[in-house]
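Hi everyone, thanks for coming.

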Amino acid sequence: MSLDPALRARIDALLAANPVVLFLKGTPDAPQCGFSAKTAAAMDATGADYAHVNVLADPEIREGIKAYGDWPTIPQLYIRGELVGGCDIVTQMAASGELHAALGVAAPDRTPPQITITPAAAEMLKSALSNAGEGYALQVEVDKGYNARLQLAPVDDSAIASESAGIRAQFDLVSAQRARGMTIDWADDARGKGLVIDNPNAPPKVQALTPAQVRERVQAGTLVLVDVRPSEERALAEAPVAYRHFDDGVEEIEALPKDTALAFLCQSGARSGQAAEHFRALGFKALYNVAGGMVAWADLDPAVARY
């Protein structure tokens, strides 16, 4: 594929202006494919600053970057104008420490995380490992929202590994940092039936607040209310207190200090709950969902319209 000179110049300028650029599908906070998610997670784990380009929002760049570096897939990482590679190369470099060196940051901490597997969980896991056959271990992956995924995988001698209750647990570099102090238990009670994971590193869960509680805290200045509804929907019924919105994007609110108390509002509580979980994944520590949304607010205040 030949590359239009104007597009080549545009990519040249982008790489010249930013020492590190990741081309991916989606954004680091909301990747739109698994390979982009893994690559962004590897980059985030280094702590280095980097620019990113969402190729889904720019069809010219999406096709042009493939021709620019003669690399057929996305994501692609460039450091100081040079193509490093895609997902497999970046994650391998992250695990070995080469990525940190290339970015000029401190070498990664490969200390195996201490985790606890309870006897009940160990019994279930040992049975599964026995059924899988020789040479398998427990693979633990922890995403940026601190959601853990457990699966059986072949023993990887290059992985970061620890042992609990006679079970080998393997981690990639990012998951190892996030899993420190994790407990894996087996439940057959009110929590359900299955493996239950407690991770002390996870941000606090989103809590519910009533409209009355939100009104009191907003008026006291201890809570920021964010209405996630679009402007045309807010025009139908509006919260009778100060609030912020996403009309101009979410970046301004995402940039607030992580200890800012945020409550999210929509019509009934579903969309606002999703928004709260997004901010939880970003590391915000005091998050709330307005239970019942504007429907509940209309029950509290007759002046609030129903729609």
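**A walk through the model**

Let's begin at aspartate 227, which sits in strand E13. One thing to keep in mind as we go: this is a predicted model.

Is aspartate 227 buried or exposed? It is buried, with a relative accessible area of 0%. Its side chain makes a polar contact, at 2.7 Å, with the side chain of arginine 229. If we set aside residues up to four places away in sequence, aspartate 227 touches Arg234, Tyr243, Arg244, His245, Phe246 and Leu265.

Now let's step back to the sheet around that strand. Five strands make up an open sheet with parallel pairing, and their order is E12-E16-E15-E13-E14. Strand E12 (207–209) and strand E14 (244–245) are at the edges with a single partner strand each, so one side of each has no neighbour in the sheet. Further in, strand E13, residues 224–227, pairs with strand E15, residues 261–265, in the parallel sense over four bridges. If you'd like one of these pairings to look for, valine 224 has leucine 262 in E15 as its bridge partner.

Next, the helices that go with this sheet. Helix H8, residues 211–220, lies across E12, E13, E15 and strand E16 (286–290), and it runs at about 85° to E12. Then there is helix H12, residues 293–300. Which residues of H12 are buried? They are Gly293, Met294, Trp297 and Ala298. Seen down the axis of H12, these buried residues fall within an arc of 140°, so they line one face of the helix. As a reminder, an α-helix has 3.6 residues a turn, so residues three or four places apart point the same way. And what do the buried residues of H12 pack against? H8, E13, E15 and E16.

That takes us to the largest nonpolar core, which has 19 residues. The members that touch the most other members are Val214, Leu223, Leu225, Ala239 and Trp297. H8, E15, E16 and H12 are the elements that give two or more residues to this core. Apart from it lies another core of 18 residues, including Ala121, Leu138, Val140 and Ala176.

Let me return to leucine 223 for a moment. Beyond its neighbours within four places in sequence, leucine 223 is in contact with Leu209, Val214, Arg217, Val218, Ala261, Leu262, Ala263 and Tyr288.

Finally, a visit to an earlier part of the chain. Phenylalanine 35 belongs to helix H2, residues 34–46, and is exposed, with a relative accessible area of 53%. Leaving out residues up to four places away in sequence, phenylalanine 35 touches Pro75 and Cys87.

Proline 75 is worth a stop too. The peptide bond leading from isoleucine 74 to proline 75 is cis, with omega near 20°. Proline 75 lies in the loop between helix H3 (59–68) and strand E3 (76–79). Aspartate 70 is also in the loop between H3 and E3. Although aspartate 70 is not a glycine, it has a positive phi of about 55°, and it counts as exposed at 68% relative accessibility.

Arginine 80, in the loop between E3 and strand E4 (82–85), is a residue other than glycine with a positive phi, near 50°. Arginine 80 counts as exposed, at 59% relative accessibility.

Terms used. Residues are numbered from 1 along each chain as its sequence is written. This is a predicted model: local features need pLDDT of at least 70, side-chain atom pairs count only at pLDDT 80 or more; totals for chains, interfaces and linings use all residues. Side-chain values use heavy atoms; hydrogens and water are left out. Two strands pair if DSSP finds at least two bridges between them. Contact means heavy atoms within 4.5 Å. Axes are lines fitted to C-alpha atoms, for helices over the stretch in contact, and angles run from 0 to 180 degrees between N-to-C directions. Buried means under 20% relative accessible area, exposed over 50%, partly exposed in between (1.4 Å probe, protein chains only). The arc is that of the directions from the helix axis to the C-beta atoms. A polar contact is a pair of N or O atoms within 3.5 Å; within protein, one must be able to donate a hydrogen and the other to accept it, and residues adjacent in sequence count only if both atoms are side-chain atoms. A nonpolar core is a set of buried Ala, Val, Leu, Ile, Met, Phe, Trp, Tyr and Cys residues joined through side-chain atoms within 4.5 Å.
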